[in-house]
Amino acid sequence: MLTFNPSIDNAQYLRDYPMPLEVPEDNISYDSIAINLPLGYKVEFKPDDVMLENEFGKYNYRIEEKNDKLIYRRYFEMNKGEIPLEKFQAFRSFINSVAKTDRERIILRN
């Protein structure tokens, strides 16, 4: 059995310390990796696709099985702006959903 995480750039969890925040600039990151499956190995588990979009940004995470390859794609966009105290929990939920998905592992078995 092999397990691994394909993410290059893992988002950090946001602790529950409610306060106004500022995202100083728009930020976009995109990762795409093709992974050759080792001879004789099959995918036992891969994370579900995730698509999030709200006023704070967009996040798309997808792993596609194609022949003897896995194709991993991750798109994360953070919108510039101020997050007032009353929107802190919604922002935290968005960021922590991204961070959790970024840590998902793929399991291969031969």
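Two residues are said to be in contact when heavy atoms lie within 4.5 Å. By this criterion, residues 24 or more positions apart account for 75% of the contacts with a separation of 6 or more in the protein chain. The model is predicted, and the mean pLDDT of the protein chain is 95. A value of 70 or more is reached by 100% of the residues. Confidence is lowest in strand β1 (residues 2-4), with a mean of 93, and highest in strand β5 (residues 50-54), where the mean is 98.

The protein chain contains nine strands and one helix. In sequence order, these elements follow the pattern β-β-β-β-β-β-β-β-α-β. The C-alpha trace spans about 50 × 25 × 15 Å along its principal axes.

Of the 110 residues in the protein chain, 33% are buried. The accessible surface of the chain amounts to about 7200 Å², and carbon and sulfur atoms contribute 49% of this area. The protein chain carries 16 positive and 19 negative charges.

Asn67 is located in the loop that joins β6 (57-66) and β7 (69-78). Although Asn67 is not a glycine, its phi is positive, at about 55 degrees. Asn67 counts as exposed because its relative accessibility is 77%, and the cut-off for an exposed residue is over 50%.

Technical notes. Residues numbered from 1 in each chain as written. Predicted model: local features only at pLDDT ≥ 70, side-chain atom pairs only at ≥ 80, totals over all residues. Heavy atoms only, no water. pLDDT = per-residue confidence, 0-100. Helix = DSSP H or I, 4+ residues; strand = E, 2+ residues; numbered from the N terminus. Buried < 20%, exposed > 50% of the residue type's maximum accessible area, 1.4 Å probe, protein only. Areas by Shrake-Rupley, 256 points an atom, 1.4 Å probe, with all protein chains shown as cover. Lys, Arg positive; Asp, Glu negative; His and termini not counted. Charge placed at Lys NZ, Arg CZ, Asp CG, Glu CD.
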